[in-house]
Amino acid sequence: MTEDDSARPDAEADKSLKFQLTDLIDDARKLAIAEVEYYRTKLSVNLTATKQVLMLFGIAMVVGIMTLVALILGILLILSHYLGPIAATGLLTGSTLLIALVLMNIAIKRARKLPLDEND
């Protein structure tokens, strides 16, 4: 083997190493672009699904509130037949406020028990 022969594999090895390194960088760049596109598409799909879920939840809330209003009006009509309109309105308003106060007190008690500081 001559000196030229022994020098040639090193040059080819350097060239192939540079070529491999360039290919590796290109592959990493392509992978990064593909990952970004994947997560962009995934986020878009999740946002669309989240918007649909929130829209359905909003519609359900509106229908639920309408149902409660109808229930209150029905109870008011029934009670006004037996107690009169003023007494029925007062009784229903007082009952509703009492329920709201009890629920608010429960919510406040539970809110005070929440661990807001991580050190506690």
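I began with Arg29 and Asp26, which sit three residues apart in helix H1 (residues 3-83) and so are separated by about one helical turn. Helices here are DSSP runs of H or I with at least four residues, numbered from the N terminus.

I noted that this is a predicted model, where local features need pLDDT of at least 70, side-chain atom pairs count only at pLDDT 80 or more, and totals for chains, interfaces and linings use all residues. Residues are numbered from 1 along each chain as its sequence is written, and side-chain values use heavy atoms, with hydrogens and water left out.

Salt bridges. I found two in the structure; the term means a side-chain nitrogen of Lys or Arg within 4 Å of a carboxyl oxygen of Asp or Glu. Arg29 and Asp26 form one of them, at 3.5 Å from N to O. Glu37 and Arg40 form a salt bridge with the closest N and O atoms 3.1 Å apart, and they too lie three residues apart in helix H1.

Exposure. I used these classes: buried is under 20% relative accessible area, exposed is over 50%, and partly exposed is in between (1.4 Å probe, protein chains only). Arg40 has 52% and therefore counts as exposed. Glu37, at 40%, is partly exposed.

Aromatic pair. I looked up ring pairs and found one. Tyr38 and Tyr39 make an edge-to-face pair, 5.0 Å centre to centre with 70° between the planes. Rings of Phe, Tyr and Trp (its six-membered ring) pair if their centres lie within 6.5 Å; planes under 30 degrees apart count as stacked, over 60 as edge-to-face and the rest as tilted.

Note on methods
Helices (H or I, at least four residues) and strands (E, at least two) are DSSP runs, numbered from the N terminus.
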